[in-house]
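The following paragraphs are intended for a reader who meets this structure for the first time. They take up the fold of one chain and then turn to the contact between two chains.

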Amino acid sequence: MKLPPFEYVAPKSVTKACELLRKKKNRAIPIAGGTDLLMALKNRLKTPALLVDLHNLPRSLYRIAYSPKRGLILGGRVSLRQAANHTAVRDKYPMLVQALLSVGSPQIQVMGTLGGNLCQDNLCVYYNRSPMLRQTLEPCHKLGGKICHAVRGSKTCWATYCGDVAPALLALQAKIKIVGPNSEKVIPLQRFYSADGKKPNVLKPGDILTEIQVPPPRPRSGGAYLKLRIRKAIDYPLLGVGLSLSLRNGEAICEEANLALTGVERAPLLIQEAETLQGKRLEDKIVEGLAEAAYRRAHPVNTVCELTPKYRKDMVRVYVMEAVHLAIQQASKGGVL
Amino acid sequence: MKKVVTLRINGESYALHLRPSQTLLDVLRDDLELMGTKKGCDSGVCGACTVIMDGEPVLSCMTLAVRCQGKDILTIEGLAENGKLHPLQKSAIEHGAVQCGFCTSEWLLSAKVLLENNPSPTPEEVQTAVSGNLCRCTGYEKIVDSILAVAEGKVH
């Protein structure tokens, strides 16, 4: 598959990159690791006039820094593998490492960046197939048509969010920094996702995700990222569950819990009901209640031809319960600190 | 518009006029006739196009060649030195870890990176390291055995 023709530029400053992206509006696309974008180009899902390469941007975008007070700062250009190999990330955020090392293959982890992973496009049973297969069916909402092939009769696009890193970072209450041509803002990660299958995030032309900020782990905290898929490598999550919790000193009482899902909606889902665990003893009934709340929020559709949506939805309960048990085990052994 | 890019491949420098839309894989195979790097799925899944760039395994089908200026690239053609096979290559032959041969050149490179970073890997670590290289003959057992034999010093 040949790539479509495009011009290429690799600016050295964030400001310059933002300006170039804004000037060309939707005709320019930023490229970080390229593993998600090049497939879209090869399949002619995107045909930009200009690719703005982010790999010459300043060193701050490649930074990994941890302090017990401020927590973790990860530059947007840090590769998944660099983040997963970093001592502080391994020691303080093992759940994030599980998510990072579950992405694609070793090669994809080396190439893919954190910023790129968070910005990855939504997937569906029709949109991501070869141009040849797409030609045999009417174009869908995401391709400017009027129908949805994933959910028949739907008036909106149901392409599913299938990133692994976002649910882990959501459960860790991460924030992201977005730099635009004339602006810079830090927002909670959950506000980044639009739940619109056609355009999964709120980035505007000219915006670049430059930094991820993760608060320091609480004392006696534990977590788990569990991923449902057919093969242990390469596959996107058919369901991903990221969970982080902390326990009150010397007791099995929950101090704080955060839960997020992926692969089962148009955005990664932060399950607000996890907040209700606060101050409660984590007995089976309480954990089942959380699993039930997560189950109700999940809407898996035919993203792939493997495993039925019903099975994947049923597995939400099982995976949430398992994640809570693993997190409690880790926390009660003293936690990640 | 074409750009002049200098690629450093297997220790040799090549100055090339490249279109931004050329992948490293296409440049290796079509322009430099280094056919050891295979084109399988051409979509980042099978790993047949793996090369080592600055010490890490990457997919050349998902890499724009214009981004590789100044990078140190090793393809399978550069694995044997001075006509002498790399221990991993010898071990692959001794263990019969080659069936159709399509994935061989690429898992060898993934294995090379693994052993450089982790000289005594467990069988699970070996499996993970080559998990991005699909073997359509499903000959994984012998692939893993042949890599472990090198790590254990059984093949020099």
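Helices, of at least four residues, and strands, of at least two, are DSSP runs numbered from the N terminus. With these terms in place, the predicted model can be read element by element. Along its sequence, chain B follows the pattern β-β-α-β-β-β-α-α-α-α, which amounts to five helices and five strands. The radius of gyration of chain B is 16 Å, close to the 15 Å given by the globule rule for 156 residues, and chain B is therefore as compact as a globular protein of that length. Taken along the principal axes, the box filled by its C-alpha atoms is roughly 50 × 30 × 25 Å.

The interior of the chain may be considered next. Of the 156 residues in chain B, 47% are buried. Among the contacts in chain B with a separation of 6 or more, 58% are between residues 24 or more positions apart.

Attention now passes to the place where the two chains meet. Here 24 residues of chain A are in contact with 23 residues of chain B. On the side of chain A that touches chain B, the elements that give two or more residues are strand E1 (7–9), helix H2 (37–42), strand E3 (50–53) and helix H6 (106–111) of chain A. Which element gives the most to this side of chain A? It is H6(A), with five residues. By kind, the residues on the side of chain A that touches chain B divide into 15 nonpolar, five polar and four charged.

Definitions and conventions:
Residues numbered from 1 in each chain as written. Chains lettered and ligands numbered in written order. Predicted model: local features only at pLDDT ≥ 70, side-chain atom pairs only at ≥ 80, totals over all residues. Rg over C-alpha atoms; globule rule 2.2 N^0.38 Å. Buried ≥ 20, exposed ≤ 12 C-beta atoms within 10 Å, placed from the backbone. Contact = placed C-beta atoms within 7 Å. Nonpolar A, V, L, I, M, F, W, Y, C, P; charged D, E, K, R; others polar.
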